[in-house]
Protein chains: 2
Amino acid sequence: MERLKQRILEEASVLSADVLKLDRLLNHQVDPELTMEMGREFARRFEGDPITKVITIESSGIPIAFATALTLGVPLVFARRKKTLLAEPDAWSERVPAFTKGIVTDLVVSRSLLSPDDVLLYIDDIIANGDAARGLISIIARSGAKLAGVGIAVEKTFQSGGRLIREQGIRLESLVRIASLADGKIAFE
Amino acid sequence: MERLKQRILEEASVLSADVLKLDRLLNHQVDPELTMEMGREFARRFEGDPITKVITIESSGIPIAFATALTLGVPLVFARRKKTLLAEPDAWSERVPAFTKGIVTDLVVSRSLLSPDDVLLYIDDIIANGDAARGLISIIARSGAKLAGVGIAVEKTFQSGGRLIREQGIRLESLVRIASLADGKIAFE
């Protein structure tokens, strides 16, 4: 998606060889029109699939996932991140490390919101090592719902998250693929 | 907003005399069309104000705030909740208790995203005691930005949050006002 690439060049900053700061674009401030364009693009790429719900993980994935769900005319579910010591009997949960935060959280989705009749499209803003994504995919598998695929706005292809998900035979579509952040420069694929 | 009242009666459940569970409607699953209707209603109520940005707090406020920002054609900023021990020099932060979680978090907004030229509309899903809302309002005041007002989907008027904000002379609009959850029943005002 050319417009997203352009905005990344204009507004993102490289914090390290691993981390791209997208505060002005994806995870602290968002441009609703650009976000709707991303949502429409994901809806277009998965238009052959009988999606019943869009799912994401709080918080940064919510705007793009909302835009996709609005375009498709289906509900949006967002997995909560919690620090829980006790298992919740009414929820699916998976413990996952958070790449940028150096902490562990539990992803939690209420059992009442996923059923074997659902066909889900999982949308998120960024994929790096993919720990949270694999956690959510595992929750989806346990719920019995089908996963039509994964849509990611920004895939860092020099980290393993996207590749590991594709190796599970899951369709993953990314709008922008970043091959390297070396030397403080953003290199697209 | 009649349609929101109806959906609350159909899909919310009363957990205690203080807590209404809105998991299927606001804070775990959302209906994009209903959310857009809420966003358009907030945009209509504040249409005389020269809003430059919509602001909210992650996570549950994001869909409605996004819908409002999309309608108004302005960016959306969402304050992050963090557990930080160190102050971040580039950010405004306020420590706030979280009503339903029994914990304390820091609300954080990057200084680069708010300026004295901004006129902000603060949108959130629910107001109870209003601790987080007061924290964000304090950040806005410190940034020098103007606050046009606050838009809340569900105000629990038997708790003090909404009243305390109005007593500061701030305009607060709520779409649905709940007067009581006593005896497991939802009583609208």
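**View 1. Helix H3 of chain A packs across helix H4 of chain B.** In this predicted model, the axes of H3(A) (residues 32-45) and H4(B) come within 9 Å and cross at roughly 110°. The two helices are therefore roughly perpendicular to each other (65 to 115 degrees; under 35 is roughly parallel, over 145 roughly antiparallel, the rest oblique). Axes are lines fitted to C-alpha atoms, for helices over the stretch in contact, with angles from 0 to 180 degrees between N-to-C directions. H3(A) contributes A:Pro32, A:Glu33, A:Thr35 and A:Met36 to the contact (heavy atoms within 4.5 Å). From H4(B) come B:Phe66, B:Ala69 and B:Leu70. By class, the contact of H3(A) with H4(B) has five nonpolar residues, one polar and one charged. Here Ala, Val, Leu, Ile, Met, Phe, Trp, Tyr, Cys and Pro count as nonpolar, Asp, Glu, Lys and Arg as charged, and the others, Gly among them, as polar.

**View 2. Helix H4 of chain B is mostly covered.** H4(B) spans residues 62-72. Nine of its eleven residues are buried (under 20% relative accessible area; exposed is over 50%, partly exposed in between; 1.4 Å probe, protein chains only). Among them are B:Ile62, B:Phe66 and B:Leu70. B:Gly73 follows the helix, with a positive phi near 70°. Helices (H or I, at least four residues) and strands (E, at least two) are DSSP runs, numbered from the N terminus.

**View 3. Helix H1 of chain B has a buried side.** B:Leu4, B:Arg7 and B:Ile8 are the buried residues of H1(B), residues 2-11. They lie on the same side of H1(B) because they cover an arc of only 105° around the axis, taken from the directions from the helix axis to the C-beta atoms. B:Glu2 and B:Glu10, on the other side, are exposed. The buried residues pack against several elements of chain B, including helix H2 (23-27), helix H3 (32-45) and strand E9 (146-156).

**View 4. Helix H1 crosses helix H3 within chain B.** The axes come within 10 Å and cross at roughly 140°. That angle makes H1(B) oblique to H3(B). B:Arg3, B:Leu4 and B:Arg7 of H1(B) meet B:Glu33, B:Leu34, B:Glu37 and B:Met38 of H3(B). This contact of H1(B) with H3(B) has three nonpolar, no polar and four charged residues.

**Notes.** Residues are numbered from 1 along each chain as its sequence is written, and chains are lettered from A and ligands numbered from 1 in the order in which they are written. Local features need pLDDT of at least 70, side-chain atom pairs count only at pLDDT 80 or more, totals for chains, interfaces and linings use all residues, and side-chain values use heavy atoms, with hydrogens and water left out.
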